[in-house]
Amino acid sequence: MTELFLIAHIADRGVAIEGGLVDSVVDIGEMVAVPRAPAAIRGLAALRSRVVTVIDTRVALGLPPTETPRRAVIARVDGHLYAFLVDSLEDVAPHERLPMTAGASLGSGWACEGRGIVDRDGEPLLIIDLAALIPGGLAAAA
Amino acid sequence: MLAPMDDLLQEFVAETRETLEALSGEIVLWEAAPADRARLDAIFRFVHTVKGSCGFLDLPRLGHLAHVAEEVLAQVRDGQRTPDTGLVSAVLAIVDRIGELTDAIDAGRSSDDTTDDLLIAALAEDAAPAATPVAETPQHARAVNRSVRLGVELLDRMMAGMSDMVLARNELARRLRDGDVDPRVEGALDRLSLTVAEMRDTITRTRMQRIDALFSPIPRMVRDLAAPLGKQVALSIEGGDVELDREMIELLRDPFVHIIRNAVDHGIGSPADRREVGKLETGNLRICARQSGNQILIEIEDDGRGVNTDRLVEKAIAAGILSELDAQRLGDQARTDLIFHAGLSSRDTVTAVSGRGVGMDVVRANIEQIGGRVAVRNRPGQGLSLILQVPLTLSIIPTIVLAVGGQRYAMPRQSIEEIVSLANPSVRIDPLGGGRIATLRGERLPLVSLGDVLGIDDAATVLAIVTTRDGHFALAADAVLDAEELVVKPAAPAVMASGLFAGQTLPDSGLPLLLLDGAGIAAAADLRFNAPIAAPAAEQEVGRPGIQALLFDDLAGRRRAVALAAVDRVETVSSHDIRDSGGRLHLTVAGGVVPLVACGPLRDGSVDVLRLTDGATEIAYAIGEAQEIAALPRALAPARRAGIAGIALVAGEQVELIDAHALFAGEIAPVAERPLCLLRCDGTGWMDVFLRPVVEAAGYRCIDDAGGGEATLTLAMDDDPAADPAAIRLARAPGGPGIYRYDRAALSAALAAHSGRAA
């Protein structure tokens, strides 16, 4: 059985994002900082008349912050809109979800985000769960 | 002709029509298969609902039709009757008639009722199938329905679309401003702006509902509450046409019911109780709504007992919410506000009506949640008023925009008491331990730097005095930028987690803005408003401590102390309540007047006073400012000034201890111990007006009725036939029997002689 995945690049790696969660893909404009929030919260941005919370996916994965945030994937989680920063986006395509390769070590923050892999023309891409990237979010529940 | 349709009736009509439309298919199917239980149930539910609503709306004719149809259907459901064609047709005829009548109600005209009986007769078990009358279809045009029922969700989407439009308009305007613009384009933009603004108002109005929706169940509720308690309550409701956001009305419902319940159950006494205190047997409950700017004020006022604040304070102390010291410092309003504390109620008993564990604390929490405030005005023995202040809509909050370190934050206007510039000479900032204290017009407030709390470098120039439920504090910010009305939405949980923010919003600038939460900032800054005051001072004392005393600065600025046991409470009073009357200063208090001692000139405006008591007599002592409570050393240096018991050394400072004995010894005996004088008034009023003050000045208490107590002395006019022989007679003219009524010396001597005997 195949599912739709959005193929993107985060931290210079190709990843597959479950298509069902994705609302839209946008260019993020000016952001407002949120003091005293977890580091992965890059700030707030306006998306038409709504406010989105911008998640720096690199920080959420335990990497240094994104230098110039631009492209983002918008997803609605628990009634709130989030923008997940990505390096670049490729396309949306149906893929088959494959179990994680036994014994593969993902390293740093990636470990808990892996939800399996997809095979794109022989290249394995890690499936990531956007909700699990939200700090204090649903990592435990997922 | 029917009365003008009210909201409920309109709702009924809309609902009945909707169900009828949905039901029409069922009816046809039931006709085809009368044994179909599911169709039968659907029709049964319909007539049952109509019957219920008719009883409530007082529509007897419609109600009767629905009732007979329901009965027949119930019989069919129970298997007592079989749904043959005749029965089905008869029921359907009734359903049709219900539809016709509903249309008639909507159109506000009457409908021919002569065939109703025929319809009902057709339902009878022995009715011949052929006898089913064909209802004459009235040839009136069906009234055009001018109302539509909408889900709130759809309205929310309209509102969101509207906000998008405003932002798009703003951006367009910004872009146009940058370049050279054709005046025609500018004109079009202006027209667009105007339309958008009007549209925004209209859409906001779609969410509004008359507050009647909240008030209309109250008369019934009050009646149902009062009757089992044997109370009589006259209810008056004003301002039902004030409009409020629908959602707001729903959120107000529970707190409102609770307040009414309290008023009827606790506030208004039984007729017997009310008679005893000289009130009319019927209690009054007044509910009044009015709009004030973008706030709605709802006042609920009763003329019952009010709140027993002494009892509240006792309970608060017992529950450990207040220390005795704090309790004494509370003003009347603060004492009353204790009813908002969880678990405190001035009532000792739980009754069937209220007291189910939902207290005023919940009411306040609910109101504050929707951005409102609750104020309480207590008149002990005379009643209680509660004033609910809520914003017009849930979503639009008036805010003040603060700047700190180049960033902007909004704060609800209702939580900001005032804004002062740090350049203002009346503001003083002092370090206090690791923190800072702001002093504003003599009031000390903990100072919190917004920059520190948010972790931003700041350059504070203004102080916002922020009120929270627990207390006030001064918040230092760089600048106040603006006052703006904002549509506030909850922010993502990870943003809210710090507790500093109450929500987020997108102002017309197009940049998101966070709304600060005053209570959250106080918590983050570790402010503790209920910390015990000056308790450590007492602990430092070594050896056997002396008496506990309240230290204060007197009117002349001298540090003085008075035994804590003698202090009933510390109070701030208005200088208007202090009068030089009867040869000395008196302070007007709730229960009468008490003598006031002032060792210096009194300020105009508000004056702090100590209310001192020895258990029977009360004295007020005006002071400059209360300081702290400390244990005095046992050894006092003797004093030479009158009224000072000695000099104590407290924390290296000389403190004069007030001689409480001297203070009270200088006072006259309490009123209750005065001898009684019976004035046999003759109806001319002379005794009451001329004589009574003289007698009272001589230390008597006057009564004009023998039943009022055993009089030491009776005064009567010379011509009073019924007077006691022992009475002192007053002659109208010189030389008459007894004392001439204007012979003041003789009169005073006689009064003094009897008074001495009594003592």
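**Exercise 1.** In this predicted model, work out how helix α1 (residues 7–32) of chain B and helix α2 (residues 37–57) of chain B are oriented towards each other, given that they pack at an angle of about 160° with their axes 9 Å apart.

*Solution.* Begin with the angle: values over 145 degrees count as roughly antiparallel, and the angle of about 160° between the two helices therefore makes α1(B) roughly antiparallel to α2(B). Next, take the handedness, which for the crossing of these two helices is left-handed. Then turn to the residues that make the contact: α1(B) contributes, among others, B:L8, B:F12, B:L23 and B:W30, while the α2(B) side includes B:L40, B:I43, B:F46 and B:V50. Finally, sort the contact by class, which gives 13 nonpolar, three polar and two charged residues.

**Exercise 2.** Carry out the analysis for helix α10 (residues 246–267) and helix α15 (residues 360–369) of chain B, which pack at an angle of about 155° with their axes 9 Å apart.

*Solution.* The angle of about 155° is to be judged against the limit of 145 degrees, over which helices count as roughly antiparallel, and α10(B) and α15(B) are therefore roughly antiparallel to each other. In handedness, α10(B) passes α15(B) in a left-handed crossing. As for the residues, B:L251, B:D254, B:P255, B:H258 and B:I259 of α10(B) meet B:V363, B:N366 and B:I367 of α15(B). By class, this contact comprises five nonpolar residues, two polar and one charged.

**Exercise 3.** Describe the open sheet of chain A, and determine which strands stand at its edges.

*Solution.* First, write down the strand order, which is β3-β7-β8-β6-β5-β4 for the six strands, with mixed pairing. The edges are held by β3 (22–27) and β4 (31–32), each of which has a single partner strand, so that one side of each is left without a neighbour in the sheet.

**Exercise 4.** Which elements of chain A each supply at least two residues of the side that touches chain B?

*Solution.* Start from the totals: 22 residues of chain A are in contact with 21 residues of chain B. The elements asked for are β5 (41–47), β6 (50–55) and β8 (80–85) of chain A. The largest share, four residues, comes from β5(A). Sorted by class, the chain A side divides into 14 nonpolar, five polar and three charged residues.

Key:
Residues numbered from 1 in each chain as written. Chains lettered and ligands numbered in written order. Predicted model: local features only at pLDDT ≥ 70, side-chain atom pairs only at ≥ 80, totals over all residues. Axes fitted to C-alpha atoms, helices over the stretch in contact; angles between N-to-C directions. Parallel < 35°, antiparallel > 145°, perpendicular 65-115°, else oblique. Left-handed = near helix turned anticlockwise from the far one by under 90°. Contact = placed C-beta atoms within 7 Å. Nonpolar A, V, L, I, M, F, W, Y, C, P; charged D, E, K, R; others polar. Pairing = 2+ DSSP bridges.
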